[in-house]
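Subject: Handing over the two-chain model

Dear colleague,

I am passing this structure on to you, with the sequence and coordinates placed just below. My notes on what was found follow after them.

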Amino acid sequence: MRAPSEKEAKTAEVLLAIEDVSLSFGGVKAIRGVSFDIRKGEIRAIIGPNGAGKTSMLNVINGFYHPQEGRITFRGEQRRAMRPYAAAQGGIARTFQNVALFRGMSALDNIMAGRTLKMRKNFFWQMLRHGPAMAEEVEHRRKVEEIIDFLEIQHIRRTQVAKLPYGLQKRVELGRALAMDPDLLLLDEPMAGMNLEEKEDMSRFILDVNSQYGTTIALIGHDMGVVMDLSDRVVVLDYGRKIADGTPEEVKSNQAVIDAYLGVAH
Amino acid sequence: MFYREVGQYKTNYVADQAVFPILQDRIGLGVILLIAFVVIPLTGDDFLLNAVMIPFLIFSLAAMGLNILTGYTGLLSLGTGAFMGVGAFACYKLTTIFPNVNILIWVICSGFFSAAVGALFGLPSLRIKGFYLAVATLAAQFFLDWCFIRIPWLYNYNASGAIQVPQRMLFDIPITGPTATAMTRYYVVLTIVVAMTWVASNLVRGRIGRMWMAIRDMDIAAELIGIRPLPTKLTSFAVSSFYCGVAGALLVFLWYGGAEADVFNVNQSFLILFMVIIGGLGSLLGSYLGAALIFILPIVLRMLPPALGLEIRSVTVEHLTFVIIGVRIIVFLISEPHGLARLWQVTKQKLRVWPFPY
């Protein structure tokens, strides 16, 4: 099913390249000399057992953690460390493993907040909330409503997100990330704690985002079946090292990966 | 039965994003404004205007200011009294240095001085949160208190150490000073407070309000969608202090008529904080409700025994008032920790589905 885009991915340009990145917290080495790239338009999975450094990797890409060594090249611009604000401006959006929504706000406001960077009208107009400020608000509202339609969450628009069930919170969080019109979407365990139906819905949204908006996606997953089905290429981390990188088929048959997941007799 | 949005369809986003999307709410607001602007001045006596309504509105404004900071941005502050003081002293200095400029311009301008001071003392908020920030703002409170007492330039070297409000006119009608009538002062305060409430409601519903609330609810995720914490927090401090500053200037110029630095001590900060907590964090309506409960209720309680013909010594009444207010605060916080504004929300929801339970 994903065959055509796999071919595209091979020829497409590299959007983000990680080279020899190492990250440690005191004596704990979270990531050790990992290199891989994410190509434009692909779905790239990062997998690995618990504590492999997957989330740390996303945090490095995003600018929350600053690696001690290595380089990150995003859209041809090389840097040692990103700032979260610069990453957001550059078009990197992100969802969290433990939903990180603005709990006191409605679903609509959460997604609208995702458009903050695109809104330009200054303080004065904001005070009046008429004329240009209102026009801007409506323009972005229209875009947000498109996302709400896309994610099928029309009915919970006005609900405070803290009151929503977990699966819907995950969806709102995806909506907030999509509202940024990202070039690169980082999904940290988008399917964690979901039942089969919710997983299927989320998979559908991820594939649709990729094909409709052409967004490049990097996702972390635990559920091997889902991850292997969704992604074009997979990178496997274990104890902060990269142990495999390739198409799902290649990774599945890789002995190091099997050992890492199933354990190996010493 | 009558309070329902049934049949009120919105056909565009402007109507959908209105502050009061339900018709009944808009009628209610109109009635309240009508009472405030017409009924109260016509029927009320000087006592109602001077001792109840004017201070109630001013405290509501200060509570609104603190609510922007604490309720909407999640930054706890104990410096409200001091920021009000900055507004009052700035207004006093400005109007004595430039007596020919209209006093209302200086009242608003004094807000900017307060905003600048507030933003300065808001700088630590980047690194510290919660109670620690409260302590940092407490430092602002004591430092500014000290300034108000120790820098005689601020009160023009008055022997008493107090500021005396000079008489100032608007369209040849005195609005400050001893000759201004309660009614004129009431109208001035009411107009300013209503206008600033409107601005605050615009701010919190737009991009800036969403940025504040995003920082309050989850600062890491906020940073990730491109909201820089420091400028957002400082904006909140500035806007909040602006409101407090104007409230402070109004307090001295249109209510007290003169004040010492003591008015702006830490007790004032706590009083405003209680109003915000009781009224409801993150609600503009809550600011009014909180101010009403904390400020008007004691007045009513004090008037109650004489009205009922009970002969209680005024000192006893005073003490009883404290007890009753304290008990009510505790009861409110236990039964509805989200404040009076939430109680109102629940009531509205109940009205919507009445006569059915849900």
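Which residues have the most contacts inside the largest nonpolar core? They are A62(B), Y243(B) and L250(B), and the core to which they belong has 174 residues. A nonpolar core here is a set of buried Ala, Val, Leu, Ile, Met, Phe, Trp, Tyr and Cys residues joined through C-beta atoms within 7 Å. A residue is called buried if 20 or more other C-beta atoms lie within 10 Å of its own, exposed if 12 or fewer, and partly exposed in between, with C-beta atoms placed from the backbone. From chain A, this core draws at least three residues from each of domain 1 (1–91 + 182–200 + 215–266) and domain 2 (97–181), the bounds coming from an automatic or database domain assignment.

Before going further, please keep in mind that this is a predicted model, in which local features need pLDDT of at least 70 and side-chain atom pairs count only at pLDDT 80 or more, while totals for chains, interfaces and linings use all residues. Residues are numbered from 1 along each chain as its sequence is written, and chains are lettered from A and ligands numbered from 1 in the order in which they are written.

Chain A as a whole
Chain A has eleven helices and ten strands, where helices (H or I, at least four residues) and strands (E, at least two) are DSSP runs numbered from the N terminus. Its radius of gyration, taken over C-alpha atoms, is 19 Å, close to the 18 Å that the globule rule gives for 266 residues, so chain A is as compact as a globular protein of that length; the rule is 2.2 Å times the number of residues to the power 0.38. Of the 266 residues of chain A, 45% count as buried.

The C-alpha centres of domain 1 and domain 2 of chain A lie 27 Å apart. Twelve residues from domain 1 of chain A and eight residues from domain 2 of chain A take part in their contact, two residues being in contact if their C-beta atoms, placed from the backbone, lie within 7 Å. On the domain 1 side, the elements that give two or more residues are α3 and β7 (184–188) of chain A.

Strands of chain A
Strand β1 (residues 14–25) and strand β4 (residues 69–74) of chain A run antiparallel and are joined by five bridges, pairing being counted if DSSP finds at least two bridges between two strands. Within this pair, E19(A) has R71(A) in β4(A) as its bridge partner. On to β5 (residues 77–79) of chain A, β4(A) pairs in the antiparallel sense over three bridges, and the two form a hairpin with two residues between them, where R75(A) in the turn has a positive phi of about 50°.

Where the chains meet
In all, 33 residues of chain A are in contact with 26 residues of chain B. The largest share of the chain A side, six residues, comes from α6(A).

Two residues of chain B
Leaving out residues up to four places away in sequence, A62(B) touches T80(B), M84(B), Y243(B), C244(B), A247(B) and I272(B). S287(B), found in helix α12 (residues 284–308) of chain B, counts as buried because it has 31 C-beta neighbours inside 10 Å. Beyond its neighbours within four places in sequence, S287(B) is in contact with residues including S60(B), A63(B) and M275(B).

With best wishes
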